[in-house]
Amino acid sequence: MTENLMLAIAVIGILGSLAQWLAWWLKLPSILLLLLLGIVLGKPVTGIIDPDLLFGDLLFPMVSLAVSVILFEGALTLNFSQIRGLESVVRRMVTVGMLVTWLTIALATHWLLDLPWLLSLLFGSLVVVTGPTVIVPMLRILKLNKKVSNVLRWEGIVIDPLGALLAVLVFNFIVSSQDGAAGLLDVAMDFGWIMLVGGLLGAVAGAFMGLVLRRHWLPEYLHNVFTLTLVFAVFAVSDLLAHESGLLAVTVMGMWLANSKNTPIEDILNFKESLTVLLISGLFIILAARLDLEQFLQIGWLSIVLFLVIQFVARPLKIFVSTWGSDLTLKEKVILSWIAPRGIVAAAVSALFALKLEQQGYAEASLMVSLTFMVIIGTVVFQSATAGFLAKKLGVSSAESKGILMVGSNPVAVAIAEVLNKHGFDCLLTDSHWRYIKDARMKDIKTYYGNVVSEHADHHLDLIGIGKLMAVSMNTDLNLLAAARYKNEFGVAHMFLLSNDEKPKEDNKHAISLEGKARHLFSKEVTYAKLASALAQGGQIKTTLLTEEFGHEAYLAKHGKNVIPMFGISPDGKTLRVFTRAESIEKLSTDWKIIGLIRQQEEE
């Protein structure tokens, strides 16, 4: 039995990792492939994996701990300063709009399926969330306009932890009403005790962890391990003091840390994101393998009606309530009403709550899981298949991708971005050094503070309207990693790397090959050191219009070796041609503009 369990865990881990990789390669939400894999391997189809038989009594605590980590990681991203800075539309979507969706779905579930009111309210709270793990891959494929895409992306980021908190509160209220509470006052007291214990313990644990990090009481290599064990401890102790308060405690703990000033949580967040990916890969295969398809057959066509209500009633009602009085057009509101794929939090929390409620005598609780998974699969498949066509018909697709993702925010990157921004080619600079990011922000250049190849960048880096990558970091390895990471998004033809190596080719024994990854920015001979030196000595990046009288030959003759040609801009201003060894200045014709770095020596 032990050998079978070990083999099953290994197989689930390998298959989950393959599903994550395939989803990344296909640009699909990973949850879709994980759920389909679990359904095929589990009870619904082949029965190869039977989680109840494999894990036995360990299934419930294992799922509980996994969900606690997922909720903690989600809450760790909820910084209240980000919510205050959001546009009013997004704020209303994650507050009033979320409540509208919750109540609409709860009413429909009760009336259509005759599910008890408490379970209907719980199901409604579970499927209000979207989440970045399903929204971001869809947005990269659909290429909607910037306004719509940013609304959807920020909604997914913020509503993930808020929706989970709503579900936890509803679940705790249900538990309070069943744990021997004889009257309404007892129910309120039990619920209040759960809220008090979960909220207080989570806040104390968050404050303590923040103090540990700020005072450097632990070496850095123990930060992640200590945080993980503290999450498990808080979850267990909170549940011991007040039954079913653990999830609330870890959620509050994550929110407290996220909003603690001067607390270094970046490493913890990156670790938790990696751990969450691992847990999600296994968890959703296991959960999907437990689905009971007979329940769908018993419900019949009513489950389809419920899905239609969620898709065509609850979501549009939320959008039109949230966007009332905004500058969004009717077409933009329609596409916002169409796109709301459900994701990881809904699946994980529904399965955990169903297990707990079944133990308390709610026979219909397992049906809630099947309905949640139906909503997840239905929204992801339906919206992925139709949203692109609808967006084109409505004219809300982004026609151009003129933006540029720049790896590095050093002085060379900032100088290039300043010029390109003036010509309408918006640059987004990324860097892990705050000093460089600060310099760029002071010049009103868009920035992302963080590692461009991190898990956090996958979820939060805004690539809407961006069509090219230029890696100008002083770290050659980072440039190459970025090229490999974003190859599918941009393609080799639209990725350019600035050379950092001035050694002769025969002596360059330690350099990583650029072949097949990207193209040399400007030329292989133009290095970061040359550009930085020229700028430091007073050189300027200037724009020159080519005419019949002053063509590219005259331009080169005038400036000679004192110019480094960098870009060409088409007469209509829509095309940016990046100069490389294969694409030279000679290809530009009349009315094109040349952008070049002109050294100071010429002007003296």
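Reader: First up: is the crossing of α4 and α13 right-handed or left-handed?
Author: The crossing of α4 and α13 is right-handed. Right-handed means the near helix is turned clockwise from the far one, left-handed anticlockwise by less than a right angle. One caution: this is a predicted model, where local features need pLDDT of at least 70, side-chain atom pairs count only at pLDDT 80 or more, and totals for chains, interfaces and linings use all residues. Residues are numbered from 1 along each chain as its sequence is written, and side-chain values use heavy atoms, without hydrogens and water.

Reader: At what angle do α4 and α13 pack?
Author: About 30°, with the axes of α4 (residues 59–75) and α13 (residues 246–258) 7 Å apart. Axes are lines fitted to C-alpha atoms, for helices over the stretch in contact, and angles run from 0 to 180 degrees between N-to-C directions. Helices are DSSP runs of H or I with at least four residues, strands runs of E with at least two, numbered from the N terminus.

Reader: So are α4 and α13 parallel or perpendicular?
Author: Roughly parallel. That label covers angles under 35 degrees; over 145 is roughly antiparallel, 65 to 115 roughly perpendicular, and the rest oblique.

Reader: Which residues in α4 meet α13?
Author: Val67, Ser68, Leu71, Phe72 and Ala75. Their partners in α13 include Leu247, Val250 and Met253. Contact means heavy atoms within 4.5 Å.

Reader: New topic. Where is threonine 372?
Author: Threonine 372 is in helix α19, residues 365–394.

Reader: Is threonine 372 buried or exposed?
Author: Buried, with a relative accessible area of 0%. Buried means under 20%, exposed over 50%, partly exposed in between, using a 1.4 Å probe and protein chains only.

Reader: What does threonine 372 touch?
Author: Phe123, Leu126, Val127, Ala346, Ala347 and Ser350, not counting residues up to four places away in sequence. Also, a polar atom of its side chain lies 2.8 Å from the backbone oxygen of methionine 368.

Reader: Now sheets. What is the strand order in the open sheet of six strands?
Author: The order is β3-β2-β1-β4-β5-β6, with parallel pairing. Two strands pair if DSSP finds at least two bridges between them.

Reader: Which strands are at the edges?
Author: β3 (446–449) and β6 (519–520), each pairing on one side only. Helix α20 (residues 411–422) packs on this sheet, touching β1, β2 and β4.

Reader: And the open sheet of four strands: is its pairing parallel or antiparallel?
Author: Antiparallel, in the order β7-β10-β8-β9. β7 and β9 each have a single partner strand, so one side of each lacks a neighbour in the sheet. Helix α20 packs on this sheet too, touching β7, β8, β9 and β10.

Key: Polar contact = N/O pair within 3.5 Å; in protein donor to acceptor, adjacent residues only side chain to side chain.
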